[in-house]
Amino acid sequence: MNIRSLTRGDGVVIGAAVLLFIASFLAIYSDEGAEGLEIPSAWSSGPVLMGVVLAGIFAAALIVLGRGLPQAPKIAGIELGHFGVALAVFSAWSALGNVFDPAGGADNFGGGGSGPDAGMGLILSLVATLVLAAAAIATPLVPALKGALLPAPKPAAPQPYGAQPQGGYGYPGAPGAQQQPGQPFGGQPGQPQPGQPFGAQGPQPGQQQPQPQQAQAPQAQAPQAQQPPPAAEFSPFWFAVPVPRPLYGEDGSPTPIAELAPGTWYLAVEQRGPGLVAQTQDGRRGVLQDTSGIQRG
């Protein structure tokens with residue numbers, strides 16, 4: 001599950017579910033005349049527990065799973081997120097009915113006496129389910145709720161291809177790479193001969209001087225055909241997609257293995273024709289065929 005795919009609206013849904021769970025332990029009735037009696041909580045009332053508390057918690061879980069899973073399963077052909085929204089509305093509707101009639105119609109018997117009022121547990125449950133249903137419905141519509149819940153990690157600054165660390169072997173400042181005064185870097189001891197390129201080695205004792213014919217022989221050779229320049233090397237970079245896009249397997253399978261979500265940074269590790277081989281946060285790799293409009297890190 002990719003938690004970086006969650007939005008701010010999903011964070012509100014999770015917070016409302018936590019508030020609903022806390023409210024389930026509070027008293028659901030309030031009766032000033034019932035002093036000394038133990039007033040039950042939602043866990044002692046079947047209709048409140050099933051229709052309000054568990055329905056709201058299950059709705060939040062389905063909404064979060066539908067958002068975080070790359071390819072969420074469906075229930076009776078309905079996506080998990082949509083099923084969770086419907087369950088959240090049902091939970092809020094049930095909480096509203098329990099607040100208006102806490103006794104569930106039992107006060108209609110026994111001589112017309114008034115029943116108990118709604119307690120703190122029912123009132124907080126109503127508030128939590130209303131926030132849960134509102135956030136579930138408004139998240140796809142309100143831009144402020146569609147933003148990423150967790151900030152995307154800053155990608156490391158890519159180094160130019162072929163860059164070497166400073167101070168390495170053979171570079172200025174490397175240990176043991178001492179340079180003689182007046183000697184060009186990379187040159188060898190010895191004075192250059194007149195007409196000799198700067199930095200070239202002078203003749204060593206016992207070494208035969210090249211003859212003029214030998215020196216001019218390479219010039220008489222026909223110039224070789226120039227080799228085409230090598231293709232530009234690919235440097236990995238971070239990118240983000242503007243809209244959700246599928247990620248296909250590297251074996252060419254038509255079934256997506258994941259879905260890239262907006263607001264999340266992914267690492268492009270290879271160029272594959274017009275597409276990119278991308279790596280998700282959980283280590284899976286696949287081919288992003290549609291690279292239009294991507295944002296480079």
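Q: Is V12 buried, partly exposed or exposed?
A: This is a predicted model, and in it V12 counts as partly exposed because its relative accessibility is 32%. The range for that class lies between under 20% for buried and over 50% for exposed.

Q: And where is V12 found?
A: V12 sits in helix α1.

Q: What nonpolar patch is V12 in on the surface?
A: V12 forms one with L19, L26, M120, I123, V127 and V131. Together they have about 500 Å² of accessible area.

Q: Which helix gives the largest share of that patch?
A: That's α4, with four residues. Both α1 and α4 supply at least two residues each.

Q: OK, α4 then. How far apart are its end C-alpha atoms?
A: They are 27 Å apart. Helix α4 covers residues 120-138, so at 1.5 Å a residue its 19 residues should span 27 Å, and the two values agree.

Q: Which residues of α4 are buried?
A: Among them are G121, L122, S125, L126 and A128. Further along, T129, L132, A133, A135 and A136 are buried too.

Q: What do those buried residues pack against?
A: They pack against the helices α1 (8-23), α2 (46-68) and α3 (80-100), plus the strand β4 (117-118).

Q: Switching to the whole protein: how many helices and strands?
A: There are six helices and 11 strands.

Q: What percentage of the residues is buried?
A: Buried residues make up 28% of the 297 in the protein.

Q: Last one: how much accessible surface is there?
A: About 19100 Å², and carbon and sulfur atoms account for 60% of that.

Key:
Residues are numbered from 1 along each chain as its sequence is written. This is a predicted model: local features need pLDDT of at least 70, side-chain atom pairs count only at pLDDT 80 or more; totals for chains, interfaces and linings use all residues. Side-chain values use heavy atoms; hydrogens and water are left out. The expected span of a helix is 1.5 Å times one less than its number of residues. Buried means under 20% relative accessible area, exposed over 50%, partly exposed in between (1.4 Å probe, protein chains only). Contact means heavy atoms within 4.5 Å. Accessible areas come from the Shrake-Rupley method with a 1.4 Å probe; for residues, only the protein chains shown count as cover. Patches are made of residues with over 30% relative accessible area and no salt bridge: like charges are joined within 9 Å, nonpolar side chains (Val, Leu, Ile, Met, Phe, Trp, Tyr) within 5 Å. A salt bridge is a side-chain nitrogen of Lys or Arg within 4 Å of a carboxyl oxygen of Asp or Glu.
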